[in-house]
Amino acid sequence: MTADVHPSSIVAPGARLGADVRIGPFCVVGEHVELGDGVELVSHVSLAGRTSIGARTKIYPFAALGHPPQDLKYRGEDSILGVGADCVIREGVTANPGTAGGGMRTIVGDRCALLAQAHVGHDSFVGNDVILSNNVMIAGHVRIGDFAILSGGVAVHQFARIGAHAFVGGVTGLEGDLVPFGLAFGNRAHLAGLNLVGLRRRNFSRETIANLQAAYRLIFEGKAPLAARIDEVERALGHDPNVAHLVDFLRAGGDRPLCRPRENR
């Protein structure tokens, strides 16, 4: 089946539309946009730049994707925005492509839910199965791991990293790196333990949860230098691949300080 385009919408001649694409009223699709099979634009959607939307993703009214990044250093370079398959992009969402100073691409993974008025800044990477709730603000150069959940009104500082399976509570200002499986809230955010609810919902074993809890205590409750505590966790618990992932995240470091429990800040 060819694309079904409402007569009030404008699709530039160079745009590439997959099979069974549905474009509702008053949408604008730019000449370098690519829509995968089964994509649906409900209405009043604006897609610009070198933007690709994965198969079966549904985009709701007044979302604006692929327009120039909100970076005063941007000079019109042909950077890209990629959105994965089976995503839900709700009303008023904005996402910007990359810049020359950040790798030239912004990526949103598969099966993500970007709820109303969420923003993904330039050169950011959002993993698979991520939820950005209403009014979440992701600055530029942010990295978010798979299955992370950011509650309503969260603001993330540029260059921050959020690990896989992490949870950020509502109206939180996160200025540092949040470890995988971590739970953070507050303004400014502090680490409040592990995301145990999320781990159980995703059927992590009791053994894995116990190992992660032991690793957390060693890393954030010990008195030795952080590097020594990370080494100790690797020796004692590194056989667990999820603990190994936590260790890798900590060793990789980043441009922002580590989000820590309040008593250790």
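Modeller: The chain has 4 helices and 28 strands, these being DSSP runs numbered from the N terminus (H or I of at least four residues for helices, E of at least two for strands). Its radius of gyration is 20 Å, close to the 18 Å given by the globule rule for 265 residues, so the chain is as compact as a globular protein of that length; the radius is taken over C-alpha atoms, and the rule is 2.2 Å times the number of residues to the power 0.38. This is a predicted model, in which local features need pLDDT of at least 70 and side-chain atom pairs count only at pLDDT 80 or more, while totals for chains, interfaces and linings use all residues. Residues are numbered from 1 along each chain as its sequence is written, and side-chain values use heavy atoms, with hydrogens and water left out.

Of the 265 residues, 51% count as buried, that is, under 20% relative accessible area (1.4 Å probe, protein chains only).

Buried in α2 are Thr208, Ile209, Asn211, Leu212, Ala214, Ala215, Tyr216, Ile219 and Phe220. An α-helix has 3.6 residues a turn, so residues three or four places apart point the same way. The buried residues of α2 pack against the strand β28 (190-194) and against the helices α1 (196-201), α3 (226-237) and α4 (241-252), where contact means heavy atoms within 4.5 Å.

Conventions. Buried < 20%, exposed > 50% of the residue type's maximum accessible area, 1.4 Å probe, protein only.
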